[in-house]
Every structure is written in structure tokens, then in C-alpha cells.
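The following exercises ask the student to read a structural model step by step. Each task is followed by a worked solution.

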Amino acid sequence: MPSPPRPSGHPTAAANGGRNPDDAVGGEATQTEASPEAEAAAEAGDVAEAGAAGAAGEKPGAAPRGRHHGVLARRVGWLLAAAAALALAALLSLALGSRALAPWTVWDALLHGGHGNAAEVVRGMRVPRTLVGAMVGAALGLAGAVMQGLTRNPIAEPGILGVSQGAAAGVVCALAFAGVHTLAGYVWFGFAGASTAAVAVWAVAVRGRGGATPVKLALSGAAVNALLVALVSGILTTRAAALDEFRFWQVGSLAGRDATLAGQVWPFLLAGAVLVFSVARGLDALALGEEVARGLGQRVGAVRIVGGLGATVLTGAGVAAAGPLAFVGLAVSHLARALVGGSHRWLLPMAALLGPVVLLVSDVLGRLVMRPGEVPAGVMTALVGVPFLVTLVRRRALTA
């Protein structure tokens, strides 16, 4: 009598058509017809693609391989296009402002030192401002994408989850009680406030039945955010001297950012980026639910801790350096997902490229619309971003 087939030992082996499920994470969808759940899985990196293909009787062949290479080429193409857009945005940030400079003047100032007032403006003012804008945009874009992945909530972002308001509370305390009045000093207090808020949100959400579910994270974020808003308002009403400085910071701006501030921001950006990229594969699995992620061998708790820590570091540094900029953390990840799909191995690099593009272009527009003055970048990100976000939301291809 033939012996019965031995179980695979993996809870999802049969669902993946006999393939190792870990190898399926991040693959491309090959099914001919899929349920809405399978389509959502495909956007998240698609660990269920092999099962859908096997259930449909689809055999490996030229067509699936052709689709895979086509999607890969499309994603690489969009990444290259985003890199080119970032280079163009940086050039515009260096050349345009209250005084427009020719591209060759900028080039001469950067590569050959240049001479005169134009070279001093480029090297002393616009280069640090552009560097800070690029780093802050990348930090907020990455943080928004990771927070949406961790919470499985399409509206999750640093502001909604209370992290940005935590940074604001740290800056207010620095102004009112510590006597800090420089942008370089804000960074440390803003980072401490953002970290405290993130820990508080997680501590509230993790208690009770079910642990830190997406709904509980959103509700605890709203509660902590409301508490911090009340705290900030209370401090400002009793410390009027700090109100003017905080009002300028709260709007969100890149004006006055210098090389010292850029030197303080980049270590946080690097550390946060390393943390979030290290859990990209885990975020793909987590998009299918905690049980499936555990069945695929992912340590869900570790993914959330490392990813949450990375997002907090990125948010704290970005918000402290430039203020709570609207739109960037929320909508950049949606735009990146619409271009390269939901696999975080592609989504995170695209968000890191698109965040600086959005912020730098908004900053340049703010410098041009009211010459010789300027509109803060935080105002422009909202004015430019809200109509664009509405357009994205109305597209059927945009999924949570």
C-alpha cells in the first residue's frame, strides 16, 4: 500500500502550489483571474501568486516570464524617471528664487568655485536649503510608506498617528523652557518629542485583546495627537514669547536652513532608511495579515518594532528640521504605489525619490509666486498636493 503523502510542514505550502512561500514574497502576479483578496495581495508583494496560478491550471511558460520581465522593466523605468525628476528639481531649487540664475552659473559655482554674489548665493544659501529639502522629503516619504505598511491603513502617516505633533510638542518645550532659539537646536527636541509620541501610541494600542491592530493604532494615534495639541496650546498661551517663533516653524519651511542643520539631519536619515529597508520583505508579508505573515516565517513583532523605530527616526528628524509639512508623508506613498506597485522593495526606493521631488518643487513654487518674498513650503505642499491626491483617490487602480 503506498504511503500517504507527507505534509509539507509549512502551513501555506499547498496554497502556493508546492513552492517555497518565502520565495514567493515580492514576486509578480501571474494569475489569469483573481479574487479581490488576491489582487490586494498582488499589490503587497503577492505571496499568493503561485497558488492562484496553480489553481487556474496555469503552467510556467513564456507568457508569465514575459509579464514578469515587463513589470520589472516598467518599475526600473519609473525609478530612473524619478531619479531624473529629482535631479531636475534640485537644479531648479539652486537656480530659481528671488533672483534667477542661469544653469551655467550654478554649474560654475558648484564645480569651479565661481566668483561674485551669485556663487555665494548658490553655495552659501541654496545648496544647504536644497540638501535639507531633499533629505526631509526622503525622510517623510519613507516614513509615510512604512507607517501605511505597518498599520495596513491607507491614511496612516506621521501627522495622523501623532508623531508629527510629538515633534511639535518637543519644539515648543525647547522654546518655552530650555531657551533654545536655533533651528539646529530644534532637531534634538523634535526628535525626542516624536519618539515619545510614537512610544505612547504603541503602548496604548498594544494593550487589550488583539494587540496593536490597525484600528487601535489609528484610534490611539488620534487620542495622543489630541492630547499633544492641547499641551502645545496650553504652553503657548502661557508663554507668549515663544508663540512667534513656533508659528513660523509650525507652518513648515525650508527658508534659513544652513549647512549645520544639514549635517545634523543626514545621520538620522541614514539610520532610519537602513531600518525601514531591512524590513521591506516583512512589510510585504504583513500586508496579507498577521497569521499569513507568521506562516511565511516572518517575525511580526520584530518587523513592527524595527519598522516603527525607523519611521519614528525619519519623522522626528524631518519634522524637526522643516516643520510638520502637509501632504508629503501621506500622498507620496500613494503616488509611488500607483507607479511601481505595492512591493515594498520597490515602493520604498520610489517614495525616497518622489518625496524630495514634491518638497523641492513646492519650495521653488513658493519662492516664485510672491517675489521678492516667498510662501512657506508647507503651504505650497498642501496647495499643490491636495488636488493631486484627490485625483489619485478617484483612480480605480489605487488600492489600499
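**Exercise 1: A residue and its surface patch**

Leucine 383 lies in helix α17. The structure is a predicted model.

Task: Determine whether leucine 383 is buried or exposed.

Solution. Step 1: The relative accessible area of leucine 383 is 56%. Step 2: A residue counts as exposed over 50%. Step 3: Leucine 383 is therefore exposed.

Task: State which residues make the nonpolar surface patch of about 420 Å².

Solution. Step 1: The patch is made by Val251, Val361, Leu365, Val379, Leu383 and Val384. Step 2: Two or more residues come from each of the elements α16 (344–369) and α17 (377–394). Step 3: The largest share, three residues, belongs to α17.

**Exercise 2: The helix α16**

Task: Explain why α16 is described as largely enclosed by the rest of the structure.

Solution. Of its 26 residues, 19 are buried, so α16 is largely enclosed.

**Exercise 3: The nonpolar core**

Task: Identify which members of the largest nonpolar core touch the most other members.

Solution. Step 1: The core has 87 residues, and those that touch the most other members are Val136, Phe246, Trp249, Leu314, Leu325, Met350 and Leu354. Step 2: Helix α6 (residues 117–151) gives the largest share of this core, twelve residues.

Methods. Residues are numbered from 1 along each chain as its sequence is written. This is a predicted model: local features need pLDDT of at least 70, side-chain atom pairs count only at pLDDT 80 or more; totals for chains, interfaces and linings use all residues. Side-chain values use heavy atoms; hydrogens and water are left out. Patches are made of residues with over 30% relative accessible area and no salt bridge: like charges are joined within 9 Å, nonpolar side chains (Val, Leu, Ile, Met, Phe, Trp, Tyr) within 5 Å. Accessible areas come from the Shrake-Rupley method with a 1.4 Å probe; for residues, only the protein chains shown count as cover. A salt bridge is a side-chain nitrogen of Lys or Arg within 4 Å of a carboxyl oxygen of Asp or Glu. Helices (H or I, at least four residues) and strands (E, at least two) are DSSP runs, numbered from the N terminus. Buried means under 20% relative accessible area, exposed over 50%, partly exposed in between (1.4 Å probe, protein chains only). A nonpolar core is a set of buried Ala, Val, Leu, Ile, Met, Phe, Trp, Tyr and Cys residues joined through side-chain atoms within 4.5 Å.
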